[in-house]
Amino acid sequence: MQRSGPTDPAGDRHWRGSARLAVSCALLFCAMALLVDWDAGSLTALRALLWVSLSTAVGAVLLPPRVSAGPGWLAVRTTWRRHVVRTDALTAVRQYDGPSSHLVLRDIHGHRLELDPRILADNPLLWHELDTGVRRSLERGTLRQGAGVLDRLGHRIDDESLQAVLRASGLS
């Protein structure tokens with residue numbers, strides 16, 4: 001029996017669709033490579049293994065990180081590693097803008113993780129868990145760098161949510 005409730009971690013609700021797309025692209029690449037090689041008459045078992053291996057690597061590169069959060073923690077699982085920070089014990093938050101905007105969070109235990117701020121904007125439960133942990137960090141006095149970054153991000157997320165509600169209701 002599966003439990004649900006406040007102890008279940010919040011997760012990225014769009015991850016499954018993105019993961020499905022990554023796997024589909026890798027499978028399509030594999031099928032096309034095998035088909036072209038077969039049509040050219042040069043497909044061997046070794047070349048087929050090479051194409052399957054290369055397709056697996058493409059899938060691993062395209063697979064998006066999986067973000068989850070719970071009371072006092074935020075985790076990002078990539079293909080090879082899992083990074084976890086204590087959001088109730090953050091020391092620094094930085095945002096890097098540019099072609100690949102990302103947040104970097106550090107906690108008092110020396111743990112560090114990076115994530116795309118759009119994931120937080122698209123997942124209100126993840127944002128809520130992070131915001132709650134940040135407030136605890138501020139109360140405890142551990143967060144010394146980046147409180148303004150999270151304030152600006154919070155205002156942007158709230159503005160985007162408000163615009164979405166207004167568009168859905170036909171008022172905008």
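Begin by selecting T78, which counts as partly exposed because its relative accessibility is 33%, where partly exposed covers the range between buried (under 20% relative accessible area) and exposed (over 50%), computed with a 1.4 Å probe on protein chains only. T78 lies in the loop between β3 and β4; strands are DSSP runs of E with at least two residues, helices are runs of H or I with at least four, and both are numbered from the N terminus. If you draw a distance from T78 to Q95, 17 residues away along the chain, the C-alpha atoms are separated by 20 Å.

Before going further, note that this is a predicted model, in which local features need pLDDT of at least 70 and side-chain atom pairs count only at pLDDT 80 or more, while totals for chains, interfaces and linings use all residues. Residues are numbered from 1 along each chain as its sequence is written, and side-chain values use heavy atoms, with hydrogens and water left out.

**Colour by confidence**

Colour the chain by pLDDT, the predictor's confidence in each residue from 0 to 100; the chain averages 88, and 95% of the residues score at least 70. Next select residues 1-6, over which pLDDT stays under 50 and for which the model has one contact beyond four places in sequence, a contact being heavy atoms within 4.5 Å. Where pLDDT is low, the predicted coordinates should not be read in detail.

**The loop between β4 and β5**

Select T87, which sits in the loop between β4 (82-86) and β5 (90-96). T87 is buried, because its relative accessible area is 0%. Setting aside neighbours within four places in sequence, T87 is in contact with G72, W73, L74, E129, L130, G133, V134 and S137.

Now move to D88, which is placed in the loop between β4 and β5 and counts as buried because its relative accessibility is 10%. Not counting residues up to four places away in sequence, D88 touches G72, G133, R136, S137, R140 and T142. The C-alpha atoms of D88 and V134 are 5.9 Å apart in space, although the two residues are 46 apart in sequence.

**The nonpolar core**

Which residues of the largest nonpolar core touch the most other members? Select L74, L90, V93, L105, L115, L120 and L130, which do so among its 24 residues; such a core is a set of buried Ala, Val, Leu, Ile, Met, Phe, Trp, Tyr and Cys residues joined through side-chain atoms within 4.5 Å. At least two residues of this core come from each of β2 (66-70), β3 (73-77), β5, β6 (102-107), β7 (112-115), α3 (117-122), α4 (124-140) and α5 (147-169). In soluble globular proteins, nonpolar side chains tend to be buried together.

Centre the view on L90, whose contacts, leaving aside neighbours within four places in sequence, are V85, L105, R106, D107, L130, V134, S137, T142 and L143. From L90, step to G141, which is 51 residues away in sequence and 9.3 Å away in space, C-alpha to C-alpha. G141 is found in the loop between α4 and α5 and counts as partly exposed because its relative accessibility is 33%.

**The largest pocket**

Select P64, P65, D116, R118 and I119, which lie nearest the centre of the largest pocket among its 16 lining residues. The elements giving two or more residues to this lining are α1 (15-39), β7 and α3, and α3 supplies the largest share, three residues. A pocket is found on a 1 Å grid over the protein atoms alone, as an open set of points where a 1.4 Å probe fits, with protein on both sides within 12 Å along at least five of seven lines, and its lining residues have an atom within 4 Å of a point. The lining of the largest pocket divides into six nonpolar, five polar and five charged residues, with Ala, Val, Leu, Ile, Met, Phe, Trp, Tyr, Cys and Pro counted as nonpolar, Asp, Glu, Lys and Arg as charged, and the others, Gly among them, as polar.

**The chain end**

Finish at G170, in the segment after α5, which counts as exposed because its relative accessibility is 57%. The C-alpha atoms of G170 and W51, 119 residues apart along the chain, are separated by 50 Å.
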